[in-house]
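Reader: Hi, I'm new to this one. Can you put it up and take me through a few spots?

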Amino acid sequence: SLSASESFPMSQLFVKVDEVGAEALGRLLVVYPWTQRFFEHFGDLSSADAVLGNAKVKAHGKKVLDSFSNGVQHLDDLKGTFAELSELHCDKLHVDPENFRLLGNVLVIVLARHFGKEFTPELQAEFQKVVAGVASALAHRYH
Amino acid sequence: MVHFTTEEKAAVASLWAKVNVEVVGGESLARLLIVYPWTQRFFDSFGNLCSESAIMGNPKVKAHGRKVLNSFGNAIKHMDDLKGTFADLSELHCDKLHVDPENFRLLGNMILIVLATHFSKEFTPQMQAAWQKLTNAVANALAHKYH
């Protein structure tokens, strides 16, 4: 499990950067193009620029990151926190849980890009534990 | 066989030209050892790995990181035949070093993260996609001769 002291620097990370969620989702769709299949109703995803500029991608990215931030507030019970979202992603959205791990990796890269040297190996290690925990929690209700 | 487009090859080469192999290689290996501590088992002979600062400052980690990244530089010259290029290294990592191939993917991810920290402007989504494809392909090539 993850401790409160580990979450403190991470919440600082989210406060500083406005568009982390939008950029992370956009990059997921560009780097792993098959993920676009879940967002066909988002309109123009025909190029990297189109994806990153797409208003629906930005809005959904923000929604995903808000949910992630909520997870960071409840590190001692990620499975409980993400139980309903897990059922939704399995039963309604039919998303392969591997994609949660991919989005977690992309999120780490976006933070690395924005924070440069401040994204120390120690901070990276804490953050990777959290993204792994969230990905597991989202996969937990799959059947 | 992985096919890289002209644009992907150009993107990879343009960023590679700016990379300080010792800095990026050393930091990538150090981050692997810090974020995934079990990987330290392959480097028992490297001396002090007992803290993040010890690992980041360890001269053997830096030297080996440079060696690993130089091998990536070789990959970039032979992007159309990665399996051939890495055949000997693949056998070495399987037969002598006994490294789980999953660790190649983890190290590839560390390289991307270090590139992102150093090159925030240049590391566009397209650049990330090209480098992700390269690190995945190198990881596969290194796993190819495993048996």
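Reader: Where is A:His94 found?

Author: In chain A, the loop between helix H6 (83–92) and H7 holds A:His94. Keep in mind that this is a predicted model.

Reader: Is A:His94 buried or exposed?

Author: Exposed. Its relative accessibility is 54%, and the cut-off for exposed is over 50%.

Reader: What is phi of A:His94 near?

Author: Phi of A:His94 is near 55°. That is a positive value in a residue other than glycine. Most residues other than glycine have a negative phi.

Reader: And chain B? Where is the place of B:His98?

Author: B:His98 sits in the loop between helix H6 (87–96) and H7 of chain B. Phi of B:His98 is near 55°, again a positive value in a non-glycine residue. B:His98 is exposed too, with a relative accessible area of 55%.

Reader: New topic. How many helices and strands does chain A have?

Author: Chain A has 8 helices and 0 strands. Of its 143 residues, 51% are buried. Take the contacts in chain A between residues at least 6 apart in sequence: 70% of them join residues at least 24 apart.

Reader: Back to chain B. How do the axes of H7 and H8 cross?

Author: Helix H7 (residues 102–118) of chain B and helix H8 (residues 125–143) of chain B have axes that come within 9 Å and cross at roughly 155°. Angles over 145 degrees count as roughly antiparallel, so H7(B) is roughly antiparallel to H8(B). The crossing of H7(B) past H8(B) is right-handed.

Reader: Which residues make the contact?

Author: On H7(B), they include B:Phe104, B:Gly108, B:Leu112 and B:Leu115. On H8(B), B:Trp131, B:Thr135 and B:Ala139 are among them. By class, this contact of H7(B) with H8(B) has 7 nonpolar, 6 polar and 1 charged residues.

Reader: What else is B:Trp131 in contact with?

Author: Leave aside neighbours within four places in sequence. Then B:Trp131 is in contact with B:Ala11, B:Val12, B:Leu15, B:Trp16, B:Ile76, B:Leu112 and B:Leu115.

Reader: And the largest nonpolar core? Which residues touch the most other members?

Author: That core has 92 residues. A:Phe68, B:Leu82, B:Leu115, B:Trp131 and B:Leu134 touch the most other members.

Reader: Which helix gives the most to this core?

Author: Helix H7 (residues 98–115) of chain A, with 11 residues.

How values were computed:
Residues numbered from 1 in each chain as written. Chains lettered and ligands numbered in written order. Predicted model: local features only at pLDDT ≥ 70, side-chain atom pairs only at ≥ 80, totals over all residues. Heavy atoms only, no water. Axes fitted to C-alpha atoms, helices over the stretch in contact; angles between N-to-C directions. Helix = DSSP H or I, 4+ residues; strand = E, 2+ residues; numbered from the N terminus. Parallel < 35°, antiparallel > 145°, perpendicular 65-115°, else oblique. Left-handed = near helix turned anticlockwise from the far one by under 90°. Contact = heavy atoms within 4.5 Å. Nonpolar A, V, L, I, M, F, W, Y, C, P; charged D, E, K, R; others polar. Core = buried A, V, L, I, M, F, W, Y, C linked by side-chain atoms within 4.5 Å. Buried < 20%, exposed > 50% of the residue type's maximum accessible area, 1.4 Å probe, protein only.
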